[in-house]
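Could you walk me through this one? I'm new to it and would like to take it a question at a time.

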Amino acid sequence: MNFNELNLIKPLLKAISDEGYVEPTPIQVMAIPHLLEGRDLMGCAQTGTGKTAAFALPIIQKLTEEKPKGRRRPIRALVLAPTRELATQIYRSFMTYGKYTPIRGVVIFGGVSQVPQADALYAGVDIVVATPGRLLDLMNQGLLRLDTVEVLVLDEADRMLDMGFIIDIKKIIRELPKKRQTLLFSATLPKDIVRFAGSILNNPVSVEASPEMPTVELTEQKIYFVERIHKIDLLKHLLENSEFFRVLVFCDTKYMVDRVETQLNRFIQDKKPSGKQNRRSRLAEAIHSDKSQRARERALDRFKMGEIQVLVATDIAARGIDVVDIDHQGQVE
Ligand code: AMP
């Protein structure tokens with residue numbers, strides 16, 4: 001199947017072709033026709049399956065083809081995501097796929113000044129991609145109204161529930177029109193998600209997709225059994241002796257993330273004859289929820305550009321991040 005058979009409009013086909021996509025992924029084939037018909041959808045899918053385009057393309061098409069009444073630009077699509085990084089990634093996807101259409105969007109998350117977000121809302125946007133906490137905050141200040149939303153997407157719903165966003169999400173949904181299209185994506189389908197989905201979806205189609213190749217086929221996996229105190233030494237040894245160019249390390253606490261980052265950077269400094277610290281000579285950077293948004297974005301960008309070799313992260317901060325060419329991932333602790 002190719003994209004032409006999915007009944008997508010020309011501006012979308014052109015943007016997809018600019019991205020170099022040749023054919024739709026399975027979840028895109030399964031979801032797009034139903035979403036173009038306006039159906040609700042329950043998607044069991046992880047990052048890496050192409051799920052963002054699966055929902056973004058039909059949403060942009062709907063917003064472009066059906067013009068709103070009235071002069072002001074109402075918010076017509078709302079996407080909720082658990083983390084700032086994922087929200088930013090989704091927003092960028094919307095802007096990439098919608099670059100030949102007139103749609104406008106904003107990404108909203110906490111930890112940064114609300115002023116640019118409020119300004120964008122005031123100027124008018126069609127699509128809001130947001131983490132629940134800051135969105136609710138702006139709603140409480142009367143800076144946006146959601147009674148014009150036609151499509152709601154909950155992405156990584158299982159993670160949003162794990163992170164305790166359920167009350168915020170319910171408050172947000174209460175402000176939406178009852179008549180709307182609702183899409184829920186989740187990597188796992190525990191009972192609470194199924195129950196929650198049942199309460200917000202109306203006669204949904206269900207689609208399920210795993211990444212194009214299961215992890216085991218894409219990735220060679222190894223496990224080393226070591227005493228806790230030797231883990232960091234093993235990591236240094238692996239970094240030193242193998243061809244590990246871009247490495248993602250997961251720790252289960254923010255404290256451990258900071259410790260591993262510090263120890264790896266000290267390790268590389270000790271190896272330098274001058275012992276001088278500069279940004280370029282850093283080996284690792286850390287991301288977790290106590291870091292400022294700017295610091296997190298900068299670390300992720302430097303990692304993507306290959307300026308640092310190791311990104312150390314808590315599982316939650318790194319969830320859903322799409323970085324091309326990661327050669328190694330490891331779990332410390
Ligand atoms: P997602 O699962 O939405 O996070 O997407 C994972 C990656 O797949 C992203 O880098 C997308 O740009 C890419 N992608 C999405 N759809 C396609 C497609 N049809 N062909 C090739 N790459 C795609």
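Me: How many helices and strands does the protein have?
Reply: Keep in mind that this is a predicted model. There are 333 residues in the protein, and 49% of them are buried. The secondary structure comes to 14 helices and 11 strands.

Me: What share of the contacts with a separation of 6 or more comes from residues 24 or more positions apart?
Reply: These are contacts in the protein between residues with a separation of 6 or more.

Me: How far apart are the end C-alpha atoms of helix α3, and what span should its residues give?
Reply: Helix α3 covers residues 51-65, which is 15 residues. At 1.5 Å a residue they should span 21 Å, and that agrees with the end C-alpha atoms being 22 Å apart.

Me: How many of the 15 residues of α3 are buried?
Reply: Buried means under 20% relative accessible area. The buried ones in α3 include F55, L57, I59, I60 and L63. Helix α3 is largely enclosed by the rest of the structure, because the number of its residues that are buried is 12.

Me: Which residue forms a salt bridge with K51?
Reply: K51 sits in helix α3, and its partner is in the loop between β5 and α7, 104 residues apart. Both ends of the pair are buried. The closest N and O atoms are 2.9 Å apart, and the partner is D155.

Me: What is the relative accessible area of R145?
Reply: R145 forms a salt bridge with D147, with the closest N and O atoms 2.3 Å apart. D147 is partly exposed at 38%. R145 is over the 50% cut-off, so R145 counts as exposed, and its value is 60%.

Me: Which residues do salt bridges that share partners join into one network?
Reply: The structure holds 11 salt bridges. Some of them share partners, and the one network they form joins K62, E66, R76 and E150.

Note on methods
Residues numbered from 1 in each chain as written. Predicted model: local features only at pLDDT ≥ 70, side-chain atom pairs only at ≥ 80, totals over all residues. Heavy atoms only, no water. Helix = DSSP H or I, 4+ residues; strand = E, 2+ residues; numbered from the N terminus. Expected span 1.5 Å × (residues − 1). Buried < 20%, exposed > 50% of the residue type's maximum accessible area, 1.4 Å probe, protein only. Contact = heavy atoms within 4.5 Å. Salt bridge = Lys/Arg side-chain N within 4 Å of Asp/Glu carboxyl O.
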